[in-house]
Amino acid sequence: MRFPSWVLVLLLCAFQPVLAEAPATTTPENNQEKSSEQQDMDKLAQAGIRQSLQAIAKSGGMYPFGLMSINGDVKAVGYSGNRADAPPPEEWAKGLYMQLRKIGEEQPEVDMLSLFRLHTITNDAGEEVVGVWAQVDHRQVRPWVIFLPLLKNEEGKHEVGEPIYYATEQSLFAPQGGEQE
């Protein structure tokens with residue numbers, strides 16, 4: 001799905017305050033203070049979502065990518081081949097998931113992994129909604145998925161909706177000792 005670039009530039013500008021006010025400081029699971037690991041996960045998710053929205057604003061779409069963190073040093077993981085030879089985004093997202101999982105297994109110093117892609121859901125009214133889907137995982141805490149919908153307003157332009165957070169059992173890190181928290 002293509003978006004007019006100027007609409008997405010406005011969307012990107014409008015998203016900056018949303019990041020600051022998003023319910024990143026409280027999870028649906030509880031209202032307790034977040035651990036430092038959960039706060040780090042929020043920061044990584046915000047960085048990846050910002051990059052996603054910038055890519056959408058610049059090109060009208062985005063290709064799946066990942067971010068990994070080693071003691072706060074964030075590095076991107078993405079497709080580096082010839083653009084013409086790139087697999088379809090859904091196929092690449094599956095391969096990227098496996099690549100991130102392998103990085104987590106082979107590099108114990110990596111403390112966080114994340115995956116970002118465009119995703120379409122069907123809302124309660126039966127309408128398709130596109131948005132940025134992010135999975136963020138830390139070795140020490142349960143992984144989270146965040147879906148940031150891009151909603152059409154009355155003028156037919158897209159704007160950022162409220163982020164949806166949910167815990168997941170599907171970790172980017174391979175389970176240690178057979179069980180995942």
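## Helix 2

The buried residues of helix 2 are Met41, Asp42, Leu44, Ala45, Gly48, Ile49, Ser52, Leu53, Ile56 and Ala57; buried means under 20% relative accessible area, exposed over 50%, and partly exposed in between, with a 1.4 Å probe and protein chains only. Helices (H or I, at least four residues) and strands (E, at least two) are DSSP runs, numbered from the N terminus. The model is predicted: local features need pLDDT of at least 70, side-chain atom pairs count only at pLDDT 80 or more, and totals for chains, interfaces and linings use all residues. Residues are numbered from 1 along each chain as its sequence is written, and side-chain values use heavy atoms, with hydrogens and water left out.

At 1.5 Å a residue, the 24 residues of helix 2 should span 34 Å, and the 35 Å between its end C-alpha atoms agrees with this. The expected span is 1.5 Å times one less than the number of residues in the helix. After helix 2 comes Gly60, with a positive phi near 85°.

## The chain as a whole

The protein chain has three helices and seven strands. Along the sequence they follow the pattern α-α-β-β-α-β-β-β-β-β. Of the 181 residues of the chain, 43% count as buried.

Among contacts in the chain with a separation of 6 or more, 57% are between residues 24 or more positions apart; contact means heavy atoms within 4.5 Å. The chain exposes about 10,300 Å², and carbon and sulfur atoms supply 49% of that area. Accessible areas come from the Shrake-Rupley method with a 1.4 Å probe, and for residues only the protein chains shown count as cover.

## Two nonpolar cores

A nonpolar core is a set of buried Ala, Val, Leu, Ile, Met, Phe, Trp, Tyr and Cys residues joined through side-chain atoms within 4.5 Å. Which residues of the largest nonpolar core touch the most other members? Of its 22 residues, they are Ile49, Leu53 and Phe116. Helix 2 (36-59), strand 1, strand 3, strand 4 and strand 5 (141-152) each supply at least two residues of this core. The largest share, six residues, comes from helix 2.

A second, separate core has 16 residues, including Ile70, Leu96, Val110 and Phe173. As for Phe116, its contacts beyond four places in sequence are Leu44, Ala45, Gly48, Ile49, Ser52, Met62, Pro64, Phe65, Leu67, Trp133 and Ala134.

## Helix 3

Helix 3 (residues 89-106) has 18 residues and reaches 25 Å from its first C-alpha to its last, close to the expected 26 Å. Its buried residues are Trp92, Ala93, Leu96, Tyr97, Leu100, Arg101, Ile103 and Gly104. These buried residues pack against strand 1 (65-70), strand 2 (73-77), strand 3 (112-122) and strand 4 (128-138).

Gln99 is also found in helix 3, and at 32% relative accessibility Gln99 counts as partly exposed. Apart from neighbours within four places in sequence, Gln99 is in contact with Val77 and Trp92. Gln99 and Leu172 are 73 residues apart in sequence, and their C-alpha atoms are 9.5 Å apart in space.

## Strand 4 and its partners

Ten of the eleven residues of strand 4 are buried, so this strand is largely enclosed by the rest of the structure. Strand 3 and strand 4 run antiparallel and are joined by eleven bridges; two strands pair if DSSP finds at least two bridges between them. The bridge partner of Thr122 in strand 4 is Glu128. The hairpin of these two strands has five residues between the strands, and in this hairpin Gly126 takes a positive phi near 85°.

Strand 4 is also joined to strand 5, by eight bridges, and this pair runs antiparallel. Gly131 stands opposite Pro149 in strand 5. Two residues lie between strand 4 and strand 5 in the hairpin that they form.

Asn71 is found in the loop between strand 1 and strand 2. At 70% relative accessibility, Asn71 counts as exposed. Its phi is near 50°, a positive value in a residue other than glycine. Most residues other than glycine have a negative phi.

Ser171 lies in the segment after strand 7 (164-167). Is Ser171 buried or exposed? Ser171 is buried, with a relative accessible area of 5%. Its side chain makes a polar contact with the side chain of Asp137, at 2.4 Å. A polar contact is a pair of N or O atoms within 3.5 Å; within protein, one must be able to donate a hydrogen and the other to accept it, and residues adjacent in sequence count only if both atoms are side-chain atoms.
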